[in-house]
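Please open the structure in the viewer and keep the sequence at hand.

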Amino acid sequence: MNGEPQGPSIKAQLRAALPGAMKRREAAAVAALRSALAEIANAEAVPLTDATSSAATSEHVAGTSAGLGSAEAERRALSEDDMIGIVAAEADERERAAARY
């Protein structure tokens with residue numbers, strides 16, 4: 001154990017499972033996988049104020065950035081535990097929603 005992840009990350013596992021679920025036309029599984037991947041992507045996003053504070057703005061259009069890639073911001077790196085927590089919270093939310101019906 002050298003501190004490196006063993007096998008593919010949870011994000012990679014979710015992405016790998018999505019095409020199979022789509023081919024099998026498992027609508028509930030596809031929705032759950034997409035939702036979990038979206039939650040991970042949202043957690044990796046940098047807040048807008050952090051992303052645009054250092055970018056040069058365009059003189060022609062308000063609120064825009066000038067130059068190729070100037071609006072790109074490096075995403076947050078989530079740990080495997082963070083991603084597992086996000087997926088677990090998403091699963092809990094779906095279970096609570098299912099129990100209401």
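Is E90 buried or exposed? Before selecting this residue, please note that the model is a predicted one. E90 counts as buried, because its relative accessibility is 9% and the cut-off for that class is under 20%.

**First stop: the surroundings of E90.** Select helix α4, residues 80-100, in which E90 lies. Next, display S35, A36 and E39: E90 is in contact with these residues, when neighbours within four places in sequence are left aside.

**Second stop: two helices.** The crossing of α2 and α4 is right-handed.

**Third stop: the residues that meet.** On the α2 side, select A31, A32, S35, A36, E39, I40 and A43; on the α4 side, select M83, I86, V87, E90 and R94, which they meet.

Move to E74, which lies in the loop between α3 (48-52) and α4. E74 counts as exposed, because its relative accessibility is 74% and the cut-off is over 50%. Finally, select E44 together with E74: the two are 30 residues apart along the chain, and 9.2 Å separates their C-alpha atoms.

How values were computed
Residues numbered from 1 in each chain as written. Predicted model: local features only at pLDDT ≥ 70, side-chain atom pairs only at ≥ 80, totals over all residues. Heavy atoms only, no water. Helix = DSSP H or I, 4+ residues; strand = E, 2+ residues; numbered from the N terminus. Buried < 20%, exposed > 50% of the residue type's maximum accessible area, 1.4 Å probe, protein only. Contact = heavy atoms within 4.5 Å. Left-handed = near helix turned anticlockwise from the far one by under 90°.
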